[in-house]
Amino acid sequence: MKSIDPLNQSERDNYKLLTGSIIPRPVAWVTTLAENGKINAAPFSYFNIVTADPPMISVSVQRKQGSRKDTSRNAVREGEFVVHIGDELSVEKLNITAASLPPDESELEHAGLTPVPSDNVRVPGIAEAKIRMECVLEQAIPLGGTPDSPAADLLIGRVVRFHIDESLLDQGRILAEALKPVSRLAGSHYAKLGETFSLERPN
């Protein structure tokens with residue numbers, strides 16, 4: 001085993017080890033509202049569940065030289081966002097929304113995606129996604145970097161409405177094989193669900 005001190009290498013070298021080790025990562029496809037009312041959309045793979053009581057999810061949005069990206073800036077200003085789950089059918093358009101557009105331009109329009117009104121928040125969702133979660137911002141926590149220039153914003157969203165395609169549901173559970181989710185690996189690589197297996201939890 002090679003022992004590596006993260007303090008003795010660059011941020012990029014640590015990034016490569018993290019994104020190559022912590023795989024596969026689910027992808028949060030997030031929409032927010034820009035100041036001009038345009039719909040911002042972007043994918044983030046630093047994403048997970050926080051708690052189910054009440055339902056909360058986390059999305060970590062990395063900063064650029066200490067400056068917030070559009071997603072975290074919009075989410076903090078508006079106090080809400082919508083998270084979608086990307087799948088095999090939508091992954092190419094999901095990837096298009098990763099483009100670095102000016103804040104006053106819409107990635108949704110750029111990718112040719114269809115906005116759909118939300119029930120409980122002002123931020124529209126993406127009609128092409130089979131799962132979307134309307135979120136109210138619970139907390140935005142600056143982390144990493146320095147106090148004057150944080151490296152990331154950890155967004156904690158409380159889910160106030162789920163929208164699930166009925167073809168995915170079986171007695172309240174989501175059929176993973178019907179969802180066909182995609183996940184991120186390192187670099188430009190994605191993965192499909194692949195083979196699954198079950199293990200009984202010990203008592």
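Two strands are said to pair if DSSP finds at least two bridges between them. By that rule, strand β13 (residues 183–184) and β14 pair in the antiparallel sense, over 2 bridges. The structure described here is a predicted model.

- An open sheet is formed by 3 strands in the order β1-β13-β14, with antiparallel pairing.
- β1 and β14 (190–191) stand at the edges with a single partner strand each, so one side of each has no neighbour in the sheet.
- Within the pairing of β13 and β14, serine 183 has alanine 191 of β14 as its bridge partner.
- In general, strands of a sheet pair through backbone hydrogen bonds, in either a parallel or an antiparallel sense.

- β6 is mostly covered, as 6 of its 6 residues are buried.
- In a regular strand, side chains alternate between the two faces of the sheet.
- Both faces of β6 are covered: Glu80, Val82 and His84 are buried on one side, and Phe81, Val83 and Ile85 are buried on the other.
- β2 and β6 run antiparallel and are joined by 4 bridges; here tryptophan 29 has histidine 84 of β6 as its bridge partner.
- β6 and β9 also run antiparallel, joined by 5 bridges, and histidine 84 stands opposite arginine 132 in β9.

**The nonpolar cores**

- In soluble globular proteins, nonpolar side chains tend to be buried together.
- The largest nonpolar core contains 20 residues, and Val59, Phe81, Val83 and Met133 have the most contacts inside it.
- At least two residues of this core come from each of β2 (28–33), β3 (39–44), β5 (55–62), β6 (80–85), β9 (131–143) and β10 (152–164).
- β9 gives the largest share of this core, with 4 residues.
- A second, separate core has 13 residues, including Leu33, Val82, Val121 and Ile126.
- Apart from neighbours within four places in sequence, valine 59 is in contact with Ala28, Val30, Phe44, Tyr46, Phe47, Val83, Asp153, Leu154 and Leu155.

**The largest pocket**

- The volume of the largest pocket is about 1200 Å³.
- It is lined by 44 residues, and those closest to its centre are Pro43, Phe44, Gln62, Lys64 and Lys69.
- The elements α1 (11–21), β3, β5 and α2 (70–78) each give two or more residues to this lining.
- The largest share of the lining, 6 residues, is supplied by α1.
- By class, the lining of the largest pocket comprises 14 nonpolar, 19 polar and 11 charged residues.

**The second largest pocket**

- The second largest pocket holds about 650 Å³ of space.
- Its lining has 27 residues, of which Pro26, Phe47, Ile49, Ile85 and Leu179 lie nearest the centre.
- Two or more lining residues come from each of β1 (25–26), β4 (47–52), β5, β9, β10 and α5 (176–179).
- β4 provides the largest share of this lining, 5 residues.
- The lining of the second largest pocket divides into 22 nonpolar, 3 polar and 2 charged residues.

**Helix α2**

- The buried residues of α2 are Asp70, Thr71, Ser72, Asn74 and Ala75.
- These buried residues pack against β2, β3, β5, β6, β9 and β10.
- Just after α2, glycine 79 takes a positive phi of about 75°.

- Threonine 19 is located in helix α1.
- Its relative accessible area is 4%, so threonine 19 counts as buried, given that the cut-off is under 20%.
- The C-alpha atoms of threonine 19 and alanine 186 are separated by 5.1 Å, although the two residues are 167 residues apart along the chain.
- Beyond neighbours within four places in sequence, threonine 19 is in contact with Arg25, Tyr46, Leu185 and Ala186.
- Proline 181 is placed in the loop between α5 and β13.
- Proline 181 has 17% relative accessibility and therefore counts as buried.
- Between the C-alpha atoms of proline 181 and lysine 192, which are 11 residues apart along the chain, the separation is 6.5 Å.
- Not counting residues up to four places away in sequence, proline 181 touches Gly86, Asp87, Ala176, Ala191, Lys192 and Leu193.

Conventions:
Residues are numbered from 1 along each chain as its sequence is written. This is a predicted model: local features need pLDDT of at least 70, side-chain atom pairs count only at pLDDT 80 or more; totals for chains, interfaces and linings use all residues. Side-chain values use heavy atoms; hydrogens and water are left out. A nonpolar core is a set of buried Ala, Val, Leu, Ile, Met, Phe, Trp, Tyr and Cys residues joined through side-chain atoms within 4.5 Å. Buried means under 20% relative accessible area, exposed over 50%, partly exposed in between (1.4 Å probe, protein chains only). Contact means heavy atoms within 4.5 Å. On a 1 Å grid over the protein atoms alone, a cavity is a set of points where a 1.4 Å probe fits but cannot get out, and a pocket is an open set with protein on both sides within 12 Å along at least five of seven lines; lining residues have an atom within 4 Å of a point. Grid points are joined across faces, edges and corners, and a volume is the space filled by probe spheres set on the points. Ala, Val, Leu, Ile, Met, Phe, Trp, Tyr, Cys and Pro count as nonpolar, Asp, Glu, Lys and Arg as charged, and the others, Gly among them, as polar.
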